[in-house]
Amino acid sequence: MESAGRHTHADVVVIGGGPAGLAAAVAARRAGAGRVVIVERDVRLGGILPQCIHAGFGVKWFGEELTGPEYAGRFVKQAADAGAESMLETMVLEITRDLRVVAVSPRDGLVMVECGAIVLAMGCRERPRGALAIPGTRPAGIFTAGTAQRLVNIEGVVLGRRAVILGSGDVGLIMARRLTLEGVKVEAVVEIMSYAGGLARNIQQCLRDFDIPLYLGHTVSRVHGRDRLEGVSVAPVDDRRAPIPDKEWFIPCDTLLLSVGLIPENELSAACGIELDPATGGPIVTDEMETSVPGIFACGNVVHVHDLVDHVTEDGMVAGEAAAAAAAAALASASGAATAGAIAVTTAAAGAMAGAEGGARAKGGAGAGTRTTTMTGTGAGARPAHYSGRAGVPAGEGNGDGTSRISGTRTLGEIRPGSNVRYVVPQRFVQGGERGGGGRTLTISLRPSEPAENVVVEVSAAGKVLRRQRKEKVRPGEMLQVNIDRRTLPSGDGVVTVSIVSR
Amino acid sequence: MTKGAGEFTVTCVACPVGCEVTVSDRGEVRGNRCDRGREYALLEHRDPRRILTSTVRTTCPDLPLLPVRTDRPIPKRLLFEAAKILATECISRPVKAGDVVVRDILGTGASAVATDDLF
C-alpha cells in the first residue's frame, strides 16, 4: 500500500498542465530547478489545446501557424526533454501559504508535496448559462461553447442540426465554423454588446466566410422547448442592455451554444488567501508573475483571460524562471534554518501528515499546518524545514498607497489602469529589478474598456509620460502590450498609470 | 461604406487592425491602410484559400477522433466537399503528428495530415 507519491518534495510544483504550466515547467528546469512536477487532473497534458483543432496558434512564438494539438505537442515534448515530471489524473485539493500542495489521484491516493515554489496555471472556465438568467425552459441542447468543442472534436458527438450561438467570443466563433463544416446550420451569432467579442480574423474567417449573420446589440430573450430545445427568441437590446420585447423574433433551433466569457479558475488561490484583482478575476502579480504570497507564482489564463496562447507561453516562461530562482533561494538558506520557527514547522508538518494518513481527514490535516502559520505570525513560520529559506518574509498585501510588499523584502511599485483601460497585468513591479524575463524591458499587458480608434496607449508616472504608443484601433477583444524601459521607472513610491487617450 | 455592384469587401486579417478593404469590379483597392492589406484583398478576391482543419474517425476507443489539417491552403469553395471526404475516413493504424492521412484531396495537391499522435 505504501506509495512513493504520498509525501514528497519538489523544487517547483506547477498546478495545471496546459500551455501556461508546460511553459513554466520548461523554464523552471532550464533555469536550474531540480525537481519540477506538473500536477494535472486530466489524463493527458496540453490543457484545452487538444480540443482546439483549428489553426492559428504559435504565429508569435514559433513563427508558424499551428493547430492546438500541434502547439501542445511541441510543449509536451519540450517539458519531457527538459526533465519535468508530471502527475496525471491528479487533482489539487489545497495549496498553503507555507508552500505545500495537497492533491489526490486514483493511483497514489492522497499526496502531499512540499515545494520550494508553486506556479499556478489552472487556466479558466466558461461562464455558464446560470450566470445569464435567460428566461424560458430548461431543455436539452444548450451547451457552453468550450464543452461543445470538446464533445464535437474529441468525443465525436453530433450536437444537433440547427444552432444559434449566444456571445461572440472566440470559442463561439470557432465553433460556428466547425459546426457549419460538419453540416450543422448555424442560424445566427447573437452578441449583446455593440461590438464583437472575438478577434477580427475570426469574425471574417468563421462567420463572413460562411455567411453566418452576426447580430450585434441583440440577445437571446427566451429559450423554448420542453425536453429538447425547439428555438430561441432573439431581440435587440436597449441602452441598458434589456431586450426590447416588441422587436423580438423567433429562430427555430435544436442547439444553443453560449460563448459569453471565461472566468479565471481561482478557487485554490482564494482559499490560500492570495490577493485577487476584481478586474481580471486572477491573482495580482508582479512582473515576475509572483502573487501576494511569497513563493507562489501564477501564469496564463488563471491570471487574466488571454486571446492568444503565445502570450500565455510567454507568461509561463517568466513565472517558471522566477519560481526556479525562488526555489533555489529557499533551498540555499534552508541549511541555516535551525530556528525556533523551523522547529515549530516540523511539528506542524508532522501534524499535517498525520491528518493525511487518516485519509478522510486530509483537509483538516493540511489545515493544521496553515493554522500554525497564523499562530506563529510569520509567513514562513510553518514552512517545512527543507524549504524554510524565506524565513521572516512578511506576507503582506498591497496597501493602496502605491507601494506594496507583496513579495519578500523588495519594494514593489504599482501599475494601475487609467482612462479606457479595463485592467493591466502585472499590477506590481519590482523596483530596480531586472528579472522578469525581459531584462531591461517591462512588458505591460492591458485590455481596453471600450473600442476606440486613433488612440495612444500612454504610460505615465508622477506626471511624467514614460511611453506613448500609437494604435489605429483598440477593441476589448484584443489584448494590447506596451513595453517600458525599466530605467525610466520611478524609484521610491512608484505608481505607474496606463491610459488609452485620443490622439 | 456603400458597396456597388460587383464590389468585393473583406476584413483584412494580415494584422489586428482589421481594415475593411474593398476591391472594385475594375480591380481598384480601397480601405486598406498598408500594402499587405492590398495584397490580401486582391488574393481574397481572385483566389481565396483556407487551411481546412477537421477530424477523422479512428478505431481507437481512447481517441475516437484524430485531428487533421490540410498541409497547405485549399480553395475556399472546396471546403465543404473536402470536409465530407474527411468525414468518410476511418483510421485503424498508428499515426504520428505530421503523417499523411488522406493524400491529394480533390486534386488540389493538398494532403490531410494528422496533428496529433494516435496509439
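In which handedness of crossing does helix 1 of chain A pass helix 7 of chain A? In this predicted model, the crossing of helix 1 past helix 7 of chain A is right-handed. Two packed helices are described by the angle between their axes and the distance between the axes. Here, helix 1 (residues 19-30) and helix 7 (residues 309-334) of chain A pack at an angle of about 40°, and their axes are 7 Å apart.

From helix 1 of chain A, the contact draws on residues including A:P19, A:L22, A:V26 and A:A28, while helix 7 of chain A contributes, among them, A:V309, A:M317, A:E321 and A:A324. Sorted by class, this contact between helix 1 and helix 7 of chain A comprises 15 nonpolar, four polar and two charged residues.

Elsewhere in chain A, A:P139 sits in the loop that runs between strand 9 (124-126) and strand 10 (142-144). A:P139 has 16 other C-beta atoms within 10 Å and is therefore partly exposed, since a buried residue would need 20 or more and an exposed one 12 or fewer. Beyond its neighbours within four places in sequence, A:P139 is in contact with A:V223, A:G225, A:R226, A:D227, A:R228 and A:L229. One of these, A:G225, lies 86 residues from A:P139 along the chain, yet their C-alpha atoms are separated by 5.9 Å.

As for confidence, the model scores ipTM 0.91 and pTM 0.85. Chain B has a mean pLDDT of 91, with 96% of its residues reaching 70 or more.

Notes
Residues numbered from 1 in each chain as written. Chains lettered and ligands numbered in written order. Predicted model: local features only at pLDDT ≥ 70, side-chain atom pairs only at ≥ 80, totals over all residues. Helix = DSSP H or I, 4+ residues; strand = E, 2+ residues; numbered from the N terminus. Contact = placed C-beta atoms within 7 Å. Axes fitted to C-alpha atoms, helices over the stretch in contact; angles between N-to-C directions. Left-handed = near helix turned anticlockwise from the far one by under 90°. Nonpolar A, V, L, I, M, F, W, Y, C, P; charged D, E, K, R; others polar. pLDDT = per-residue confidence, 0-100.
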